[in-house]
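Here is a walk through one protein structure, taken helix pair by helix pair and ending at a pocket. Keep the 3D view open while reading.

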Amino acid sequence: HFSVKSDDDECDSDLDVTAPRKAPTRESSRQKANVTRFCPDSHSPFDFVEILPGKGAALRDIPYVKAQIEKHDPDGAFLKEFHRLIYNNKIGTKKNRMDNILSFSGLVVTNELKEKEAIRQVLSGLETHLLDNFVVVYGGDITQTKEQKIGNIMEFLDEPIDDGKIVPPVVTRTKKRKASSQSSSENDEEKEKDKGKEKQKPKAKATKKAKEEEEEEE
């Protein structure tokens, strides 16, 4: 609490009592951590991707490949790895990832030996099911050895071509369900009819027996 002195009183301090009081600062013994702030120029895995034309066909122009890619979730692990592999370690966004991959037409590298070896290393480190997904995309054989798979994937990525593979027909499960439900309902109806017939048979026997008893009484 401050007391205000009159004009005649001597002021022992240069403190201006009319100024708002500032909270005392404490010196912390902890060392402050360095904070790295986002900079627009910094590289990010979500940066805009420049799609350069490669030596092969765009994946969207190869019906079989396009159909296999579109089976996957745009935000799933496989398409993230696919995008990262072909676009310099950038995974893109859920919105543009599928379109970017389908626009790919072959690897465009500046240092072929170094960059392709880096891609091979990434493929080599993938889990088996993710590696097999790459093989399935171009219609390869997943029973091959790991080295054979990687070699064929690299060949495909270097120059994608349409080798005429036929797109497998899409199986509509809803029709099968309807058909099965319809057949089951028909079976239920038949069972109900059979039960009705079985119930009616004892009645017929009962009426016949009753008639015989009446004739005996007469």
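In this predicted model, helices α4 and α6 pack with their axes 10 Å apart, at an angle of about 135 degrees. Angles from 65 to 115 degrees count as roughly perpendicular and those over 145 as roughly antiparallel, with the rest between these classes called oblique; the angle here therefore makes α4 oblique to α6. The crossing of α4 past α6 is right-handed. To find the contact on the α4 side, look for Lys116, Ile119, Arg120, Leu123 and Ser124. From α6 come Lys146, Ile150, Gly151, Ile153, Met154 and Asp158. Sorted by class, the residues of this contact are five nonpolar, two polar and four charged.

Helix α6, which covers residues 146-158, also packs against α5, residues 128-137. The axes of α5 and α6 lie 10 Å apart, and the angle is about 50 degrees. That angle makes α5 oblique to α6. The crossing of α5 and α6 is left-handed. Here α5 contributes Leu131, Asp132, Phe134, Val135 and Val137, while α6 contributes Lys146, Lys149, Ile150, Ile153 and Phe156. Seven residues of the contact of α5 with α6 are nonpolar and three are charged, with no polar residue.

The next pair joins α5 to α2. Their axes come within 10 Å and cross at roughly 75 degrees, which means that α2 is roughly perpendicular to α5. On α2 the contact is made by Ala77, Phe78, Glu81, Phe82 and Leu85. The partners on α5 are Leu130, Asn133, Phe134 and Val137. By class, the contact of α2 with α5 has seven nonpolar residues, one polar and one charged.

Which elements give two or more residues to the lining of the largest pocket? Start with the pocket itself, which has a volume of about 620 Å³. Its lining consists of 21 residues, and those nearest the centre are Ile86, Tyr87, Asn88, Val108 and Glu115. The elements that give two or more residues to this lining are α2 (77-86) and α4 (112-124). Of the elements, α4 gives the most, with four residues. The lining divides into 12 nonpolar, five polar and four charged residues.

To put the parts together, α4 packs with α6, α6 packs with α5, and α5 is in contact with α2. Both α2 and α4 also give residues to the lining of the largest pocket.

Key. Residues numbered from 1 in each chain as written. Predicted model: local features only at pLDDT ≥ 70, side-chain atom pairs only at ≥ 80, totals over all residues. Heavy atoms only, no water. 1 Å grid on protein atoms, 1.4 Å probe; cavity = no way out; pocket = protein on both sides within 12 Å on 5 of 7 lines; lining within 4 Å. Points joined across faces, edges and corners; volume = space filled by probe spheres on them. Nonpolar A, V, L, I, M, F, W, Y, C, P; charged D, E, K, R; others polar. Axes fitted to C-alpha atoms, helices over the stretch in contact; angles between N-to-C directions. Parallel < 35°, antiparallel > 145°, perpendicular 65-115°, else oblique. Left-handed = near helix turned anticlockwise from the far one by under 90°. Contact = heavy atoms within 4.5 Å.
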